Amino acid sequence: MEGPHQARLQGRISAPPRGNLPEMVKVLKDAGICNYSIFYCNDELFGYYECEKGVAYAEKVQAESPVVDRWNDYMKDILELEMDPVTGAQPKLEQVFRLD
């Protein structure tokens with residue numbers, strides 16, 4: 001199952017958040033997220049990942065993680081993230097084309 005997401009970059013990252021990165025990678029892997037890529041173009045970020053354990057499970061693990069809360073707090077001045085008030089996750093994008 002896919003989980004594409006999009007965010008708007010509001011500024012530049014002066015120093016990558018490397019200190020939190022190993023913790024965040026662990027949370028993502030625990031959530032069953034794999035094949036995760038983030039693309040950048042014209043101050044827009046687009047992420048694509050697959051959820052081995054299902055999107056709902058990935059959303060639940062991330063929503064319950066204090067690591068994700070710290071990451072989002074660190075990035076709040078840099079990224080404009082739209083969050084779904086029901087799931088606590090970013091809204092899913094509608095797939096309009098797929099080539100297998």
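Modeller: The account below takes the salt bridges in turn and then the cysteines. Please bear in mind that this is a predicted model.

The side chains of Lys26 and Asp30 form a salt bridge with an N to O distance of 2.7 Å. Both belong to helix H1 (residues 21-30), where they lie 4 residues apart, so about one helical turn separates them. Lys26 counts as exposed, its relative accessibility being 52%, while Asp30 is partly exposed at 36%.

Another of the salt bridges joins Lys60 and Glu64, whose closest N and O atoms are 3.0 Å apart. Here Glu64 is exposed, with a relative accessible area of 53%, and Lys60 is partly exposed, with 46%.

Arg98 and Asp100 also meet through their side chains in a salt bridge, at 2.7 Å from N to O. Asp100 is exposed, with a relative accessible area of 79%, whereas Arg98 is partly exposed, at 47%.

As for the cysteines, a disulfide requires two cysteine sulfur atoms within 2.5 Å, and by this rule the count is 0 disulfides. Cys34 takes part in none, since its nearest cysteine sulfur, that of Cys51, is 7.7 Å away. Cys51 is likewise in no disulfide, the sulfur of Cys34 being the nearest cysteine sulfur to it. Cys51 is buried, with a relative accessible area of 4%.

Technical notes: Residues numbered from 1 in each chain as written. Predicted model: local features only at pLDDT ≥ 70, side-chain atom pairs only at ≥ 80, totals over all residues. Heavy atoms only, no water. Buried < 20%, exposed > 50% of the residue type's maximum accessible area, 1.4 Å probe, protein only. Salt bridge = Lys/Arg side-chain N within 4 Å of Asp/Glu carboxyl O. Helix = DSSP H or I, 4+ residues; strand = E, 2+ residues; numbered from the N terminus.
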